[in-house]
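Here is a short briefing on one protein model. Look over the sequence and the fold, then read the notes below.

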Amino acid sequence: TKPKPVAVATWNFQNATKKAGSMLENGFSALDAVEQGVMVEEANLKNTTVGDGGAPDRDGNVTLDACIMSPDGDAGAVVYLKEIAHPIQVARKVMEDTPHVMLAGEGALQFAIQQGFKKKNLLTESSEKAWKEWLEHKEYRPIINIENHDTIGMLCVDDKGDIAGACTTSGLSYKVNGRVGDSPIIGAGLFLDNEIGGAVGTGMGEAIMKSVGSFLIVELMRQGMSPQDACKEAVMRTVRKAPNHKDFQIAYVALNKAGEIGSYCIHKGFSYAKFHEGISSDNLSPSYLD
Ligand code: SD4
């Protein structure tokens with residue numbers, strides 16, 4: 001029997017999973033679906049941690065990170081990209097139109113412009129106001145859960161049974177200028193293998209990078225773990241090594257080729273959304289450590 005398409009995304013981004021899900025139902029590839037799905041959040045000005053309207057770094061620069069992976073194992077990423085509203089589209093161009101995987105900063109922007117993307121000021125009035133308020137205290141304390149307003153990582157399996165993934169973010173608010181998190185790092189914020197399945201991460205990027213969390217989850221699934229157990233083990237690797245894990249959140253969502261979904265996080269408050277067999281389910285809560 002033909003596999004039933006599935007779309008799943010970090011946080012309660014049901015508009016994004018609905019978009020991806022309806023594309024999959026209409027025969028689009030998983031790669032097209034993840035790209036168009038996450039673009040819904042990149043365009044959402046109310047979401048201050050993805051794309052246009054993203055919170056700036058502490059110097060007022062909005063810098064975006066994104067990556068995409070296709071079923072054949074190809075990948076593309078952009079990091080520290082300014083003034084381009086849809087970094088995921090640029091990441092796909094890096095994958096398809098260059099011999100490289102990742103472009104950064106000035107070079108990524110130059111490439112985007114050559115590809116016909118238009119520059120845009122991504123700092124909204126409200127993000128600028130919030131940043132100026134932040135400057136009064138300059139306390140760098142990433143908030144554990146910013147429900148409904150966070151990095152989007154998405155995985156889709158299409159009607160051919162192929163898996164693709166995308167991850168896009170403006171990173172942690174008021175980060176140091178130049179900081180890049182896990183989201184555009186293949187293996188950390190996103191990884192997949194078309195023989196096994198895929199995983200995406202969100203939360204404190206520094207913690208996810210140190211355990212190469214998404215790669216770890218796919219490898220644990222390869223060894224026979226369910227997506228749920230693999231997500232839990234990846235979170236526990238971090239927890240066991242980080243006595244300060246009370247102070248930060250990390251969360252993973254995994255999808256295997258059978259269409260099974262798993263998710264686990266350190267703290268209550270993370271949610272995810274999915275679209276499966278024509279039904280959109282939002283605000284799903286995974287199990288968590290405390
Ligand atoms: C980062 N992982 O840049 C991203 C941010 C995020 O929940 O997902 N926040 O570290």
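Two strands count as paired when DSSP finds at least two bridges between them. In S6, Val157 has Ile163 as its bridge partner. The model is predicted. The protein has eight helices and 13 strands. Its radius of gyration is 17 Å, close to the 19 Å that the globule rule gives for 290 residues, so the protein is as compact as a globular protein of that length.

**Overall build**
- The C-alpha atoms fill a box of roughly 55 × 45 × 35 Å along the principal axes.
- Of the 290 residues, 56% count as buried.
- Among contacts between residues at least 6 apart in sequence, 65% join residues at least 24 apart.

**The eight-strand sheet**
- This open sheet runs in the order S4-S3-S2-S6-S5-S1-S11-S12, and its pairing is mixed.
- S4 and strand S12 (279–284) are the edges; each has a single partner strand, so one side of each is left without a neighbour in the sheet.
- From one strand to the next, the twist averages 10 degrees.
- Strand S11 (residues 272–276) and S12 run antiparallel, joined by four bridges.
- Tyr272 has Leu284 as its bridge partner in S12.

- Strand S5 (residues 152–157) is mostly covered, with six of its six residues buried.
- Both faces of S5 are covered. Ile152, Met154 and Cys156 are buried on one side, and Gly153, Leu155 and Val157 on the other.
- Strand S1 (residues 6–10) pairs with S5 in the antiparallel sense over four bridges.
- Val6 stands opposite Val157 of S5.
- S5 also pairs with S6, in the antiparallel sense, over six bridges.
- The hairpin of S5 and S6 has five residues between the strands, and Gly161 takes a positive phi there, near 90 degrees.

**Helices H3 and H4**
- Nine of the 11 residues of helix H3 (residues 87–97) are buried, so the helix is largely enclosed by the rest of the structure.
- The buried residues of H3 are Pro87, Ile88, Gln89, Val90, Ala91, Arg92, Lys93, Val94 and Met95.
- Those residues pack against helix H2 (30–42), strand S2 (64–69), strand S3 (75–81), strand S4 (102–104), helix H4 (105–114) and strand S6 (163–169).
- H3 lies across S2, S3, S4 and S6, at about 130 degrees to S3.
- H4 packs on the sheet, where it touches S3 and S4; its direction makes about 105 degrees with that of S4.

**The five-strand sheet**
- A second open sheet has the order S7-S8-S9-S10-S13, again with mixed pairing.
- Its edge strands are strand S7 (190–193) and strand S13 (287–288), each pairing on one side only.
- Strand S9 (residues 250–256) and strand S10 (residues 261–265) run antiparallel, with five bridges between them.
- Ala251 stands opposite Cys265 in S10.
- Helix H7 (residues 213–222) lies across S7, strand S8 (197–203) and S9, at about 145 degrees to S8.
- Helix H8 (residues 227–241) lies across S8, S9 and S10, at about 20 degrees to S10.

**Ligand surroundings**
- The ligand is surrounded by 13 residues, and the closest are Thr151, Gly171, Gly181, Thr202 and Gly205.
- The shell divides into two nonpolar, nine polar and two charged residues.

Terms used:
Residues are numbered from 1 along each chain as its sequence is written. This is a predicted model: local features need pLDDT of at least 70, side-chain atom pairs count only at pLDDT 80 or more; totals for chains, interfaces and linings use all residues. A residue is buried if 20 or more other C-beta atoms lie within 10 Å of its own, exposed if 12 or fewer, and partly exposed in between; C-beta atoms are placed from the backbone. Helices (H or I, at least four residues) and strands (E, at least two) are DSSP runs, numbered from the N terminus. Two residues are in contact if their C-beta atoms, placed from the backbone, lie within 7 Å. A residue is near a molecule or strand if its C-beta atom, placed from the backbone, lies within 6 Å of it. Ala, Val, Leu, Ile, Met, Phe, Trp, Tyr, Cys and Pro count as nonpolar, Asp, Glu, Lys and Arg as charged, and the others, Gly among them, as polar. The radius of gyration is taken over C-alpha atoms; the globule rule is 2.2 Å times the number of residues to the power 0.38. Axes are lines fitted to C-alpha atoms, for helices over the stretch in contact, and angles run from 0 to 180 degrees between N-to-C directions.
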